[in-house]
Amino acid sequence: MNLNTCYSRRELLRRSGMGIGALAFLDLLGKEVQGKGQQGLAQGPNPPTRARAVISLFMHGGPSQVDTFDPKPSLKQFEGQTLPASFGNLNLEFTNSSSAKLLPSRRTFQKCGDSGIEISDIFQHLPTVADELAVIRSCHHTEFNHSPALYLAHSGTRLMGRPSLGSWMNYGLGSESENLPGYVVMRDGPLKGGPVTYGNGFLPAVHQPTELRLDGSPILYLNRPAEIDKESQRRVLQFSDQLNRQNLSSHPDDASISARISAYELAFRMQATAPEALDIRNEPEYIKRQYGLDQDVTRPFGTQCLNARRLVERGVRFVQLYHGGGGDGWDTHGSNDSKHQRNGLQVDKPITGLIADLKARGLLDSTLVIWGGEFGRTPTSEGSDGRDHSPYGYTVWMAGGGMKGGTIYGSTDEFGFRAQENPVQVRDLHATILYLLGLNHERLTYYFQGLQQRLTQVDGDSRVIHEILA
Amino acid sequence: MKLIHTALMATPWLLWLLCFKSPSQLTPVAEEPDYSAVVTVDRPVAFYQFEQHDQSELCLARNSAAPKNSDLDGVCSPGVVTVKGLSGPGGEMARFNGSGLIELPPANAFHLDELTVEFWFRSEQEFDQKFWPGSATLVSKATAGPGSGDWVILGGSLTTGSNEGRILVGVGPKGDQDRVLASGTGLNDGQFHHVVWTRSGTGLNTLYVDGQACATEQDSKGSIINARPIQIGGEKFEPGGSQFRGDLGELAIYPHALTADRVQSHFLIGSVDPRLPPASNVQVDFSRDIQPIFQEHCSRCHGNGKEKGGLSLSTRSRALDGGDTGPAMIPGLSSRSQLVSLVAAIDEDRIMPPDGEKLEDSQIGLIRAWIDQGANWPAEAEEIDPKTVRALEHWSFKPIRRPEIPQTLQPDWNQTPVDPFIFAKLAANDLKPSPPANKLALLRRLTFDLTGLPPQPEEILEFANDNRPDAFSRVVDRLLASTALGERLGRYWLDVVRYADSGGYETDIYYEQAWRYRDYVIRSFNEGKPFDRFLMEQVAGDELWPAEANAMQDAVAVWTLGEWQNALDAFPEELEYTRRTDQVITYSESMLGLTAGCANCHNHKFDPISQRDYFGLEAIFAASETWDRSTNQKAWLKGQRTAYRIFRHSEIPTPIHLLTRGEIKKPRGLVSPALPAFLAGEEAGFSAPMANSQRRAMLANWTVSPRNPMTARVIANRLWQWHFGQAIASTPNDLGTQGQPPTHPELLDWLASELMESGWNLKHLQRLMVLSATYQQSAERTPEAISRDPQNQFLSSFPRKRLQAEAVWDQLHAAAGVLDRKSSGPPFVPKLTPEELQGMYDLEDRKDKKWPVTPEQNRRAIYILNRRSFRFPFLEAFDPANNSTSCPVRQSTTVPAQALTLLNNDKVVELARAMAERLSRATRTHRERIQLAWLLAYSRVPSEQEIQLTQDFLNQALAAQTNKGTPDPHLAALTELCLALMNSAEFLQTN
């Protein structure tokens, strides 16, 4: 039994299995009573909603900012030299900031679009949508190891086991789809932080992510096992439903029975709709080409991106994509340049295709697209040609969903090491994202362990970055 | 009313005030006290203020404690010059360039076993060696060899090669080994620091830096007298003695040990900031002179119930407690009171008030005078402090008193003393109890509640046919004696202590012996170990019962079960800190039901738990450490996948400091081990000296003491929750002011006192609960009851419960007849498909090593390998515990993932088939089959209608399977039936 003594109306609805339904949650906001120590929703004046969905393109491993979106010509000038003593010391995982040598980028940067945003040549197609991007160059934190940095980027602290952005969003807004979960994850390999990285932490299980797989069973246990055929399962479900309804009529007071009936109905519908949602065979050829599905190198991530668009169209609120899981991904401790080129090849066309497609369908204004990793990389070298982790100044860009496209916000120092102008903490990013979704980050709270917990941390000084909003 | 610990803090300052000022001088002071005077008052045998030679730059070391007598004057070698010193002590200091030293005469006056050496210094030299050779000599009276009767004060490090910048004191009493005291780090930062080493007549050594004790060490009391001279800045006799580069001055040597508050005074007076406006020359009246200032300039943020930065200026004790950055004032010492330096804008980044008018010098002067005069604050001028009031009135902080059992109008409803309490509340809320539950529903409920398993068909039939009046009570006895009991209760306790078999994060190190703790827990519940003993064994079994050390190892291992952020291995101090934090939080939440963890970074905003209380608890755990027996170290070795973690006493307990905002780099004073002051009262501070190996024993004894109002309530509350599905106070880890109040406070107190009086006998309490009429009620709810009491707080019927994740697994296996009841031993690892393993990350990409499938596949779920960095899909679907921290209550949700798991998980289908085979084997007719199926799935017999429906279904299924050409269509049809039963709501429920 859930032991909170006061259910908000939303919770009652959710508990009776209708949570993933076509209810307009937005008009429930502000009408719920937030009792002391109870779960609550964003209460009081809420920001206007600009985005209703989020597609997060997470570059696992940490992309190098000076090789992607933050050109630093000074690196060429001072190639091979160590940082001056006045630079101070920075904790790094594998290298020593006082003795590491500056390593220039081998990439060339172009000023792209009308706005002139610089993009490196690992992205050949992205320049065509440069005017949609709001590039934040001054992101920073202090976690230089993968797991804590991953947890920080997703859940706001470096601790394991706390709810991720997708779960918070789901908690605040629910799903708009009757048949699909509100928070979906697609990966190409396991993450260093484990599945806990994108989990629901202490938020109720209904806010857990649903992992969609692109081969085999789309959702774990969605497909029947070999020995059960379709009719067989249908019989099982029908009989079980009969038993449930018998049960219900003998115990009309038991709300959990209806909830379970609904859960099965939804699961049944998901068995049909999830494969349908992920069935891209009927997409026009030009769309498939636009996402790069016609080439081996871009097909994996392109498939993820195309599916993301389809899911958003079908009412899924938060789609979290990962590129670079398993293997080294963006974690280029060696062969930084060639691996970034490889990664660029894999994601460039799909991402561009996604943004262009969303725009063409009129979805870009209401869909927030986020690109970034758990940290950036050092402008100094590791070994002869690698870069170490660097959380002290890295780039995240966002597009659509109320962002002001064609802008650059913040900057790093001359070498691209530390965030300098307008530094942006992870919690500021989170506050801004929630804001665009119509959620007040200070009021979206959940009682756990003696505190009204928030994504942006109770003691935080998080701010919404209004300067980059349209 | 004053809280005890603030009284303890305030007292030394008043004592100082009285000691320092002779009666005729108890008038307002307008000048700063003089440093030399304060040194002289303490009667040093020698005091060197290092002056410049008249005709050269050279340094003179004249003993100003005896200016006319040059017996104790020192000799400075060339190369030692003087420089201007601090603004406080004024005067000059000796500057050492690495090649000179000062030598004092080897006079009898310096042959001291009981002494204090005090000086100020500043340096930027690398202090990176552990003793000689290499570390910088500050002051020494050294001889060769350990235990040779000598002492040294050096600038060095505890890790050779690492520039830690510590002060190291070495004391080598004759016949003893050399003892080391080490300060904190970073003292070679070019700032002035005050260093004092005292040795008492009983061989107790204390090192103070900047007025705060940072290390103590008890030596054997042997003599430390030797014939060598005291040398300063260099050491020319000892091989390896090396030179100091920096400034040193105001060296004083006393023939006795200065007390802590004298040391503090010396420091504070020596570091007065001249920018402070002078204290006023008037007799201050708080209400007339000070309170108006507070009200006008401060109360917007620090009064009227507001506590920005944790500081309230509503009462004297709150002001002394201070806020996130420490006490606001030190009575008698305005020059070092934080409040004064903030309003005087000494630090331009921290000015109070932050906006609005700054205080004028005259106002600051009044505040200084008020503080210097003792910060008198009449009681009638104190504002109401909501926090103190709340604490005094809070239910769980009051002693447990056994209440009267209420009289009720329906006494024959009562079966055990639990019932009148429930009935009284029902009546008060216009509710009635429900009739007794159906016999078989009751049996299912009870069996799951006590064992986590369904009743076996024979047990069901036996109970159904047992019409003796004590039939139910016999079942209770049987179940309480079953070994499955420990597996059910043990799982609840494992939730509460955040049990897992691995460390989480990227490396997810396998805790290869963690299962021993799990076995210990299960065993303890099975054998009915008194709960106080159970807690004591975990907190301090190794200290309290050293003869049973091996067995006790399993119990204290609970403190090693927290997460392991191996990324912190590069910062051992921080890693240890996170471990201690985990231990204090786990202890306080699991056993005391308090959120002491909130006080890690600031005084608790709501409960009377201060940062000092929190760190006092850390200091208790700081005498022990988590040790890896497989690698014989604490740190992680590259490539290490498993660890055999034990909890044992450290050689040297880590000194614990109060940390501003909980930041390890911001220590602000040594904290002794202590119990939470507001709860422990006079027992709060441990009487010194206390052996380091007894700190946890003190904590254990206090935890279960009859004077502790929390512990018995916490476990009584949990036990109720574990049987009734909802706790009496619904936030079981927080019985503090922010937790939910109990729905039945008298019942809870009665249960708590009954528990204690029964010798903390859990099974006794369990009997009182399950044999009660309340427990045996039906689960049906009437519409009136639902509308009057939607959450069923008052228990007008028994709450229906969905089975927890482990019980779902166990019931599936039990129904299939394949449940392996093997208990104890290392965890087992179920097979998983590549799909199910997809999300698992392994540092070496060796999923087979991280998830090494075992031959055993069908044990109870409590024995499944529990890896923090992997979510076992089956259990994950049914709301398992989040084991990052203590989990007092699991959620119970209904989500589609559960449906999909039960429909399509290969294992479930396999079990459905096994159940079908069992049905085939055990019965002959369809009817029998259906009856057995119902007994296995629902613990009851089917109605005629149900039999008919099922018959129809089976026929349908059989026909379809036959048509399809399935080899064994009967079995296939039965499998469908079993799968349908497993997927029905009733399967997952107890009513």
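A residue is called buried if 20 or more other C-beta atoms lie within 10 Å of its own, exposed if 12 or fewer, and partly exposed in between, with C-beta atoms placed from the backbone. By that rule, buried residues make up 54% of the 991 residues in chain B.

Some housekeeping. This is a predicted model, in which local features need pLDDT of at least 70 and side-chain atom pairs count only at pLDDT 80 or more, while totals for chains, interfaces and linings use all residues. Residues are numbered from 1 along each chain as its sequence is written, and chains are lettered from A and ligands numbered from 1 in the order in which they are written.

Staying with chain B: its C-alpha atoms fill a box of roughly 120 × 65 × 50 Å along the principal axes. Chain B has 33 helices and 25 strands, taken as DSSP runs numbered from the N terminus (helices H or I, at least four residues; strands E, at least two). Contact here is defined as C-beta atoms, placed from the backbone, within 7 Å. Of the contacts in chain B between residues at least 6 apart in sequence, 68% join residues at least 24 apart.

Now chain A. An automatic or database domain assignment sets the bounds: domain 1 covers 9-214 + 280-468, and domain 2 covers 225-277. Their C-alpha centres lie 37 Å apart.

Finally, where the chains meet. Chain B contributes 68 residues to the contact and chain A contributes 61. On the chain B side, helix 29 gives the most, with seven residues. Elements giving two or more residues there also include helix 32 (944-964) and helix 33 (969-982) of chain B.

Technical notes: Two residues are in contact if their C-beta atoms, placed from the backbone, lie within 7 Å.
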